[in-house]
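Subject: Structure handover and findings

Hello,

Here is the structure you asked about, followed by notes on what was found in it.

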Amino acid sequence: MKAIRVHELGAPEVMRLEEVPDPKPAPTQVLIRVRAAGVNPVDTYIRAGMYGTPPLPYTPGMDAAGEVEAVGAHVKRFAVGDRVYTAGTVSGAYAEKVLCEESQVHPLPKQASFQQGASLGVPYATAFRALFQRAHALPGDTVLVHGASGGVGTAAVQLARAAGMTVIGTAGTDKGRTLVEAQGAHHVLDHKDPGYIDRLKDITGGRGVDVILEMLANENLGKDLTVLAPKGRVVVIGCRGSVEINPRDAMSKDASIVAMSLFNASEAEKTSIHAALVAGLENGTLRPVIGREMPLSAAAEAHKAVLEAGAYGKIVLVP
Ligand code: NAP
């Protein structure tokens, strides 16, 4: 089969499309014919060596969707031909076939395309964990999705809207803001507009927002603390540097800053996350937006694109 291989960490061009042997499932594993693989910012951090050193060579990618091609003798939940998506893999998702532990595989409802299935493992799971498991957001809360036009942000807008929250989303382009509105945001702001943060006070009648899902904490955490409602919570999801904050802004409101890494989710939490995502796909409240489809051979270009400004949903690779 063909797979992207990384023999040394570095620039996007270290990713090469190569011919490698087909993987064989161990008794607890599932082999999936990949129809689409999701490209996440974390894939670029790992490739660049910012997340330690994976055993080399390796195939990048955690998110894929496709059909089950073979199952190990102890696999109970899946059979050959099932439509599935992955949340983590054993052998890497940027490939024609991917090996996973059974626990990393979830059924892909018929309502979702393979491209949409490749958008779930990291982005939707992150949005769900941030909103419900870390911020403990409730129906009736007002939520700011600070960076709502990308993979995690569009997911968060859909999840919050479906749960009965008032949703405010931000994006840096007109196209992104139109997208955020179409996902169900009640209010949409431009995070490049110098005055946008003050508009939150008007939108919330001066009270502030209950929850902020923060995609770029190094830019925004200080500002976030000034627009929280009493007992408000900021969840740090994305951060690309350091930031100065005034803790007094949090003290005066009994506010919390919590952070999250999807890698810290327990097995029980992951089970809960994916049960909710599958239900959301089935009932139509979750509809991943595919902004760009690229061939597997364009993995390097995709890694550059996923870090560029002007996000629009999800980038997927199609083998
Ligand atoms: P993405 O698809 O590239 O989206 C990035 C988002 O950040 C876009 O909505 C972008 O908006 C927005 N953004 C850019 N400048 C901003 C600013 N000044 N203020 C607020 N938002 C801004 O990436 P993603 O997959 O959604 O991931 C988002 C971040 O979360 C990344 O940093 C990623 O590494 C991180 N993440 C963390 C976890 C975790 O476990 N903690 C899991 C998944 C992702 P425009 O392009 O419209 O300006």
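How many Å separate the centres of domain 1 and domain 2, taken over C-alpha atoms? The answer is 28 Å. Please keep in mind that this is a predicted model.

Domains

The domain assignment gives domain 1 as 2–119 + 288–318 and domain 2 as 123–263. Contact between the two involves 17 residues of domain 1 and 15 residues of domain 2.

Nonpolar cores

The largest nonpolar core has 42 residues, and the members that touch the most other members are Leu108, Leu131, Val145, Leu213 and Leu277. Two or more residues each come from helix H3 (120–134), strand E8 (142–146), helix H4 (151–162), strand E9 (166–171), strand E11 (209–214) and helix H9 (267–282). H3 gives the largest share of this core, seven residues. The core lies between domain 1 (2–119 + 288–318) and domain 2 (123–263), because both give residues to it.

For Leu108, leaving out residues up to four places away in sequence, the residues touched are Ala65, Arg83, Val84, Tyr85, Ser113, Phe114, Gly117, Leu120 and Leu281. Another core, of 35 residues, lies apart from the largest one; among its members are Met15, Val34, Tyr45 and Ala305.

Helices H3 and H9

H3 and H9 pack with their axes 10 Å apart, at an angle of about 110°. Angles of 65 to 115 degrees count as roughly perpendicular, so H3 and H9 are roughly perpendicular to each other. On the H3 side the contact is made by Leu120, Gly121, Tyr124, Ala125, Phe128, Arg129 and Gln133. On the H9 side it is made by Glu269, Ser272, Ile273, His274, Ala276, Leu277 and Leu281. By type, the residues of this contact are eight nonpolar, four polar and two charged.

Ala279 also belongs to helix H9. Is Ala279 buried or partly exposed? Its relative accessibility is 34%, so Ala279 counts as partly exposed. Ala279 and Gly92 are 187 residues apart in sequence, and their C-alpha atoms are 26 Å apart in space.

Two buried strand residues

Tyr85 is in strand E5 (residues 83–86). With a relative accessible area of 0%, Tyr85 is buried. Not counting residues up to four places away in sequence, Tyr85 touches Ala64, Ala65, Gln104, Val105, His106, Pro107, Leu108, Gly117, Leu120, His274, Leu277 and Val278. Of these, Leu108 and Leu277 are among the core residues that touch the most other members, while His274 and Leu277 belong to the H9 side of the contact with H3. Between the C-alpha atoms of Tyr85 and Ala137, 52 residues apart along the chain, there are 26 Å.

Ile32 lies in strand E3 (residues 29–38). Ile32 is buried too, with a relative accessible area of 0%. The residues that Ile32 touches, again without those up to four places away in sequence, are Gly66, Glu67, Val68, Glu69, Val84, Thr86, Glu96, Lys97, Val98, Cys100 and Val105. Ile32 and Ala302 are 270 residues apart along the chain, with 22 Å between their C-alpha atoms.

Loops and backbone geometry

Which peptide bond is cis, with omega near -10°? That is the bond from Leu56 to Pro57. Pro57 sits in the loop between helix H1 (41–47) and strand E4 (63–71). Gly49 is also placed in the loop between H1 and E4. Gly49 has a relative accessible area of 36% and is partly exposed.

At 53% relative accessibility, Asp254 counts as exposed.

Regards

Methods: Residues numbered from 1 in each chain as written. Predicted model: local features only at pLDDT ≥ 70, side-chain atom pairs only at ≥ 80, totals over all residues. Heavy atoms only, no water. Core = buried A, V, L, I, M, F, W, Y, C linked by side-chain atoms within 4.5 Å. Buried < 20%, exposed > 50% of the residue type's maximum accessible area, 1.4 Å probe, protein only. Helix = DSSP H or I, 4+ residues; strand = E, 2+ residues; numbered from the N terminus. Domains from an automatic or database assignment. Contact = heavy atoms within 4.5 Å. Axes fitted to C-alpha atoms, helices over the stretch in contact; angles between N-to-C directions. Parallel < 35°, antiparallel > 145°, perpendicular 65-115°, else oblique. Nonpolar A, V, L, I, M, F, W, Y, C, P; charged D, E, K, R; others polar.
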